[in-house]
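Dear colleague,

Please find below the structure that I am handing over to you. My findings follow it.

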Amino acid sequence: MHNNINIKINGLNDNTSLKVVDSLKDIIKQFSYLDFRRLSNIVITSNFQRDVERISQSNKKGFENKYRANKDTYAVVLTVPKDDDFELVLVMKSDFAKSITSKNDEQEYKNALHVLNHEFAHIHDNNKKIDVFKQLMKTKTYKGKDSIMFPIAETCWSEYIANFISSQSALDTQYPKVVANTLLEKIYMTQQDIKTSLMAYKINNKREDLVESSIVQIETLLKTASYLIGYLNGMQITLAELDDEIDLKIESSYFNEFWSFLKHELASIHQVYPHGFINLTIYKNLAFLIDNFYKEQGIIFDEDKKGRIQIHII
């Protein structure tokens, strides 16, 4: 196994576990052009969320590439402090791991291969960022509204670059079209849900959960858009070439202006990646765009005189 990676498996019988390990070896060789430094452990588990939380909480500071796990999350890369550096841990669901051994269902295997390619791309990207930001990652704490905007900006970049890098393995799957359809659904549903939630909050301002859920919904929308842009740029096609109907609907939606800005900013960051990543201001313009989008949806992030975050609903 590459770099003496330790594999821990629960929830699979011995025979299946051996097949999974052999398949992982073959797949890692397939993607050997990626940077696997710092990948210390692969955890294959039937208790996915529990193990993600256990690994994250065993250290004072941990980072997930999937900001919030859900039922459609098959795997996650955790970045965990270790000594004077970081180690990377890939955690995946045991049911998903069986897919990489599938010989009878070729499409299931191709889908699983792409998901792993995407996670390995996160590992590659994390290594590049740690090389540049290692000390900042250990010491930097965002304050005020930066504590919201910069992590979302970094998440958007991470999902963009992971899909850009893994886009070729997506060609034999429906993932790009699925993401495009998901984005379109979120564009319409998010705006309507937020209008309803914020209106309810104005009636009862004790329902802070409504504001929190709206913030998360917008973040998910922006992450999905970044995800799709990564596919498009990686495959060197336009959205119209992928699906002209979705392209027309987005073009005529409230989201179109931000969509254009987001495409431009992610491409601009990519132009200087990774050697132009000097400090965290690389995300500054993207964070500014995200802040403005929240304002357009009626959520204003501000700070008091002590730099503490304040949220206003308009």
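In which hand does α5 pass α7? The crossing of these two helices is right-handed.

**Confidence and overall form**

The mean pLDDT of the protein is 92, and 94% of the residues score at least 70. Residues 64-69 have a pLDDT below 50, and in the model this stretch makes 25 contacts beyond near neighbours in sequence. Where pLDDT is low, the predicted coordinates should not be read in detail.

Eleven helices and seven strands make up the secondary structure. The C-alpha trace spans about 60 × 50 × 40 Å along its principal axes. The radius of gyration is 20 Å, which agrees with the value near 20 Å for a compact globule of 314 residues.

**Helix α5 and its two partners**

Helix α5 covers residues 146-170, and helix α7 covers residues 208-235. They pack at an angle of about 35 degrees, with their axes 7 Å apart. On the α5 side the contact includes Ile152, Thr155, Cys156, Glu159, Tyr160 and Asn163, while residues of α7 that take part include Glu219, Leu222, Lys223, Ser226 and Tyr227. By class, this contact has ten nonpolar, eight polar and three charged residues.

Helix α11 (residues 284-296) also packs against α5, here at an angle of about 110 degrees and with the axes 8 Å apart. The two helices are therefore roughly perpendicular to each other. Their crossing is right-handed. From α5, Met149, Phe150, Ile152, Ala153 and Cys156 meet Lys284, Leu286, Ala287, Ile290, Asp291 and Tyr294 of α11. This contact has nine nonpolar, no polar and two charged residues.

**Helices α6 and α9**

The axes of α6 (residues 175-203) and α9 (residues 244-251) come within 10 Å and cross at roughly 25 degrees. That angle makes α6 roughly parallel to α9. The crossing is left-handed. Ala180, Asn181, Leu183, Leu184, Ile187 and Tyr188 form the α6 side of the contact, and Ile246, Lys249 and Ile250 form the α9 side. Seven nonpolar, one polar and one charged residues make up the contact.

**Backbone features**

Two points in the backbone deserve mention. Most residues other than glycine have a negative phi, and most peptide bonds are trans. Arg38, which is not a glycine, has a positive phi of about 70 degrees. This residue lies in the loop between α1 (14-30) and β2 (39-45). Tyr273 and Pro274 are joined by a cis peptide bond, with omega at about -5 degrees. Pro274 is found in the loop between α10 (256-271) and α11.

Yours sincerely

Technical notes. Residues numbered from 1 in each chain as written. Predicted model: local features only at pLDDT ≥ 70, side-chain atom pairs only at ≥ 80, totals over all residues. Heavy atoms only, no water. Axes fitted to C-alpha atoms, helices over the stretch in contact; angles between N-to-C directions. Helix = DSSP H or I, 4+ residues; strand = E, 2+ residues; numbered from the N terminus. Parallel < 35°, antiparallel > 145°, perpendicular 65-115°, else oblique. Left-handed = near helix turned anticlockwise from the far one by under 90°. Contact = heavy atoms within 4.5 Å. Nonpolar A, V, L, I, M, F, W, Y, C, P; charged D, E, K, R; others polar. pLDDT = per-residue confidence, 0-100. Rg over C-alpha atoms; globule rule 2.2 N^0.38 Å.
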